[in-house]
Amino acid sequence: MPRSTQLAGSTSTENGAYHALLARHDAMRLRRRMLSPEGGAGARRAAGEVYDGAADQRVVRAHLELVGPFEELITQLYEVLFTRHPALRGLFPGEMAFQEAHLAQAFRYLLDHLDRPEEITETFTRLGRDHRKLGVRPAQYAAFEEALRAALRVRSGGRGGAGLEEAWLRMVRFGVTAMVRGAEAALHEPPFWNATVTGHQLIGGDLAVLRVVPHETFRFEAGQYTDLESALLPHTWRPYYLAGEPGAGGELELHVRCTGPGGVSEALVHRTAVGDEVRLGPPKGNLTLGGEPAGDLRLVAWDTGWGAMKALLQEVDRRVRLSPGHGVRRVRLFLGAADVAGLYDTEYLAGVERRRPWLSVVPVTGGDGYGRLAAAVTRAAAPSGGRVLLAGPPAMVRTVTASLTRAGVAGEDVRHDLLPTGAESGHGAPGAVPA
């Protein structure tokens, strides 16, 4: 029996239907609470009044010194939450540093965007869909709200008054409302997919190419990524790009670089074997081609960011074969690594380049940081425009984006996933939205 059979959760139709009904019931109960008279901002919005996020933004910022820094407020929040609701502790990873860093990111995102509530709604609706994989039920957001109120009182010593607490709660409740809607809208799909490891190829000692077969159909678009959980670290998820189209029997390919000891990447690279099981979260990401792209396409990857580009190349190839008059005239792939030894999958890539006249590959190695890669991408600016898609570590994305901006490339033509914060972001892992 594989050692990862501790991954719980039935994928049967009956259990799935039961949990969907339970989630819907919880969501309706939480929504009634938010729209009740004591629900504050929710009640006023229900009566037709638009939430004045800018006003709460001013209040929260004016009193940040009373309750901050975020990290200490969050430590107090979780202490209250787990003391009052010890059963909730099992929903969180054993090591809380990564979780706390992401919650701090979420608070900063909310505060920075309160004057743009439509952006919060869009982002947190996606979060609600994604958080279903964590086993969070909508009613549990109420316990979080209570813990936040208590933590604010402890941190402020009561000096901020009710106005400070209510501004914070309205801010968080606004995001939670969008998350509940996102979770409800995704009840037709599983919150996660169990999958069996069917291939594990170790390259260079710290890179693994994993092949996994989900137990149920897993649909995604080229360029998207999924969060992955190892049985060795329950409730701990990290993002990895889906490299290529599903293979025979729905097999998926993922590239994982070990970024340090004790984390998800180390478990997947050095302690995972064929026959083990993992979990996949819902697919997501900003690097999809969408409709018929026009003009040239520049794909830029560093290290395991190649996984996303491998999928995109296969998608372009599929479209060209189906429609010879496809809008993409030329695709240039810029593949970066610290040195030549860092380039991998080169035999596959060379074969694709030989057979596809629309593709040219530009390997870029060495240099100080990512400047050499940024210069190569910028020099290759297409006179006819076209999009630039980036996948790799945050510093690479920022360096290349800044270079393209200085060269006059429009911001809407440069696409990448949200940049990660916190520990173990990886070499090519996409960013996580606030979690």
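In this predicted model, helix 3 and helix 9 cross with a left-handed sense. The residues that make the contact are Asp-56, Val-59 and Val-60 on helix 3, and Gly-163, Leu-164, Ala-167, Trp-168 and Arg-170 on helix 9. Sorted by class, five of these residues are nonpolar, one is polar and two are charged.

Two packed helices are described by the angle between their axes and by the distance between those axes. For helix 3 (residues 53-62) and helix 9 (residues 161-185), the angle is about 125° and the axes lie 9 Å apart. Angles from 65 to 115 degrees count as roughly perpendicular and those over 145 as roughly antiparallel, so helix 3 and helix 9 are oblique to each other.

Helix 9 also packs against helix 7 (residues 117-131), here at an angle of about 50° and with the axes 6 Å apart. Helix 7 and helix 9 are therefore oblique to each other. Their crossing is right-handed. Helix 7 contributes Pro-117, Ile-120, Thr-121, Phe-124, Thr-125, Leu-127, Gly-128, Arg-129 and His-131 to the contact, while helix 9 contributes Phe-174, Gly-175, Ala-178, Met-179, Gly-182 and Ala-183. Eight residues of this contact are nonpolar, six are polar and one is charged.

These helices belong to a chain with 14 helices and 11 strands. Of its 435 residues, 52% are buried. Among contacts with a separation of 6 or more, 77% join residues 24 or more positions apart. The accessible surface of the chain is about 19200 Å², and carbon and sulfur atoms account for 54% of that surface.

Technical notes
Residues numbered from 1 in each chain as written. Predicted model: local features only at pLDDT ≥ 70, side-chain atom pairs only at ≥ 80, totals over all residues. Heavy atoms only, no water. Axes fitted to C-alpha atoms, helices over the stretch in contact; angles between N-to-C directions. Helix = DSSP H or I, 4+ residues; strand = E, 2+ residues; numbered from the N terminus. Parallel < 35°, antiparallel > 145°, perpendicular 65-115°, else oblique. Left-handed = near helix turned anticlockwise from the far one by under 90°. Contact = heavy atoms within 4.5 Å. Nonpolar A, V, L, I, M, F, W, Y, C, P; charged D, E, K, R; others polar. Buried < 20%, exposed > 50% of the residue type's maximum accessible area, 1.4 Å probe, protein only. Areas by Shrake-Rupley, 256 points an atom, 1.4 Å probe, with all protein chains shown as cover.
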